[in-house]
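Here are some notes for your file on the model shown below. They begin with a single side chain and then widen to the whole chain.

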Amino acid sequence: GACPSGRLPVTFPKDLADSPSTPFLHPSDPTAEVLLYGEDLLVGYRHFDRMNIEPLFPFGFGLSYTTFELHGLTLSPPQSSTAACVARLMVINQGPLAGHEVVQVYVEPPPGKDEDGIRAVRELRGLSKVWVPLGGSVEVALELHPRSFSRFSTSRGAWVAPAGEYIVVVGRSSRELSLRACFTLSAEVVCSASD
């Protein structure tokens with residue numbers, strides 16, 4: 001039988017006041033020709049995570065007629081500063097039907113303020129939709145390139161990943177995160193804007 005596997009591409013707030021754009025919807029001068037997008041990078045799930053607000057439906061939310069377990073997250077370190085770190089895990093179908101599952105991978109930066117402003121608690125850096133047969137399991141491998149750990153520095157004109165301990169978090173949505181693993185960058189990595 002059919003098994004739905006769609007996921008929400010946005011976050012739904014419980015209340016409009018919880019939305020990151022609400023303070024900017026009604027400018028003090030209604031005749032102004034410029035609209036301020038003051039939420040900066042903290043839009044969608046990033047805002048809800050940073051402000052610790054529980055959404056009605058989180059980014060990536062979806063229902064299925066079957067159930068899945070995510071298991072065994074491992075990280076393979078890159079072989080050079082330009083190579084990818086590979087996140088591997090198993091998706092196990094524990095439900096009554098075969099179906100698709102969407103695995104989302106987020107990266108949490110080392111603690112501290114970013115040089116160009118506030119950084120999100122975590123950022124989506126990869127996803128994979130896999131078909132898992134009834135009673136079966138599938139390995140998922142997602143590459144996290146150096147830019148996956150970076151943020152664009154306007155002052156340097158490049159993507160910069162500071163040295164430190166990053167946490168790779170995996171789950172079904174931005175709020176249903178069941179697996180965690182640490183990854184350490186021993187030195188700062190700078191990628192050009194075109195990388």
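1. The side chain of Asn93 reaches the backbone oxygen of Leu97 at 2.7 Å, and it also makes a polar contact with the side chain of Thr66 at 2.9 Å. A polar contact here is a pair of N or O atoms within 3.5 Å, of which, within protein, one must be able to donate a hydrogen and the other to accept it, while residues adjacent in sequence count only if both atoms are side-chain atoms.

2. This is a predicted model, in which local features need pLDDT of at least 70 and side-chain atom pairs count only at pLDDT 80 or more, whereas totals for chains, interfaces and linings use all residues. Residues are numbered from 1 along each chain as its sequence is written, and side-chain values use heavy atoms, with hydrogens and water left out.

3. Asn93 lies in strand S2, which spans residues 85–93; strands are DSSP runs of E with at least two residues, and helices runs of H or I with at least four, numbered from the N terminus. Asn93 counts as buried because its relative accessibility is 3%, buried meaning under 20% relative accessible area with a 1.4 Å probe, protein chains only.

4. Leaving aside neighbours within four places in sequence, the residues in contact with Asn93 include Phe68, Val132 and Gly136, contact meaning heavy atoms within 4.5 Å.

5. The protein chain has two helices and ten strands, and buried residues make up 43% of its 195 residues.

Definitions and conventions
Buried < 20%, exposed > 50% of the residue type's maximum accessible area, 1.4 Å probe, protein only.
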